Amino acid sequence: MSTPTMPGAHEVHEAPTDQDEAAAARSPLERFGLRGRALEIANWVAVALGIYLLITAVSVIGDGFKLATGGQAEELFAFASNPLIALMIGVLATALIQSSSTVTSITVGLVAGGLPMATAIPMLMGANIGTTLTSTLVSLGMVRQKEDFRRAFAAASVHDFFNLLAVVIFLPLEMMFGLLDRVSTFFADQLAGSDGGLFATIFAGIGTAVTTVTDPLADLIGMIGDVLPEPWGGILLILIGIGLILAVINFIGVLLKVVMVGKAKQVLHNAIGRGPLSGILSGTLITVMVQSSSTTTSLMVPLAGSGTFSLKQVYPFTLGANIGTTITALIAAFAFTGIEAR
């Protein structure tokens, strides 16, 4: 009887260790001497400020792209007019940056600046492929335990193949019929402009409020581009916007791991096993909280490897993670209003 008791005791001991590790993650704001409740409030204020800077940075990229191309975005991206080339750009960019949220936010800014949707859509598909690398790398951490690695790698592959199959299905449809372009344009018409009804009124109001707050800083940064000749000023603004997005998403990620990872693991244990709908909802909510599907799926892989969850339970959670990661693009789109948002 002592043999089965030991593993049980070991498992009970491991869970708090993971939570303690998450709780022990250090906030960058601790260097200012903040502690306790003051530090917790400062963390959330910093997250809100980070979202503000993210929207501003995307707006700066859009302004820079317009300035750099002089309204000739289609000619500039003629090399990427082939959907397969645009797809590879998205894959490589996400694999290098290790953040589909970053690549998505940058692409939204480029579209607002004139990048054709026919080029942007394959790039976004490529970003979904590039983000699969993280969960696979996490699964390799269990390579020494054969059975655990088998389960972990299978869980990571669920995420990988879902994104790959989505591209295999939708890219040909997009190339033949412009399906996603038509659908996205339809919803943009409903959610933006003065003739889109209730949804347009709500989203236009939100967009106007956001741009009212973010435009002053974006315009201030934009003055830097006016100092240089036309193409180089725009290029400088694009680089500033990209650099700001990289820094902000990394900063927000660190803060959210400090304040949310422990809670996210708790939600995982309580919600995933209850059924498909619960799994989708929990995957969506956790991804919204940490603003990274890679982080969400990486949290899931070790739990699947340990046998806590089966592939049948992991799959709905993966669907939710892919839904949750779209929130970043929506936040980025609020940097623009009207037809520009398309």
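## Helices, cores and salt bridges in a predicted model

Helix α14, which covers residues 311-324, has 14 residues and reaches 20 Å from its first C-alpha to its last, close to the 20 Å expected at 1.5 Å a residue; the expected span is 1.5 Å times one less than the number of residues, and helices are DSSP runs (H or I, at least four residues) numbered from the N terminus. This is a predicted model, in which local features need pLDDT of at least 70 and side-chain atom pairs count only at pLDDT 80 or more, while totals for chains, interfaces and linings use all residues. Residues are numbered from 1 along each chain as its sequence is written, and side-chain values use heavy atoms, with hydrogens and water left out.

Among the buried residues of α14 are Val314, Phe317 and Ala321, where buried means under 20% relative accessible area, exposed over 50%, and partly exposed in between (1.4 Å probe, protein chains only).

A nonpolar core is a set of buried Ala, Val, Leu, Ile, Met, Phe, Trp, Tyr and Cys residues joined through side-chain atoms within 4.5 Å. The largest such core has 17 residues, of which Leu110, Leu115 and Ile245 touch the most other members. Two or more residues each come from α2 (36-69), α5 (100-112), α6 (117-130) and α11 (230-271), and the largest share, five residues, is given by α2. Apart from this core lies another, of 13 residues, including Ala152 and Ile272.

On the surface, a nonpolar patch with about 1,200 Å² of accessible area together includes Phe161, Leu165 and Phe187; nonpolar patches join Val, Leu, Ile, Met, Phe, Trp and Tyr side chains within 5 Å, using residues with over 30% relative accessible area and no salt bridge, and the areas come from the Shrake-Rupley method with a 1.4 Å probe. Helices α8 (146-177) and α9 (179-191) each give two or more residues to the patch, with the largest share, eight residues, coming from α8. Leu165 lies in α8 and is partly exposed, with a relative accessible area of 49%.

Three salt bridges are counted, each a side-chain nitrogen of Lys or Arg within 4 Å of a carboxyl oxygen of Asp or Glu.

| Salt bridge | Closest N and O atoms |
|---|---|
| Glu40 and Arg37 | 3.5 Å |
| Arg151 and Asp148 | 2.7 Å |

Glu40 and Arg37 both lie in helix α2, three residues apart, about one turn of the helix; Glu40 is partly exposed at 35% relative accessible area, whereas Arg37 is exposed at 58%. In helix α8, Arg151 and Asp148 are likewise three residues apart.

Definitions and conventions
Patch = residues over 30% accessible without salt bridge, like charges linked within 9 Å, V, L, I, M, F, W, Y side chains within 5 Å.
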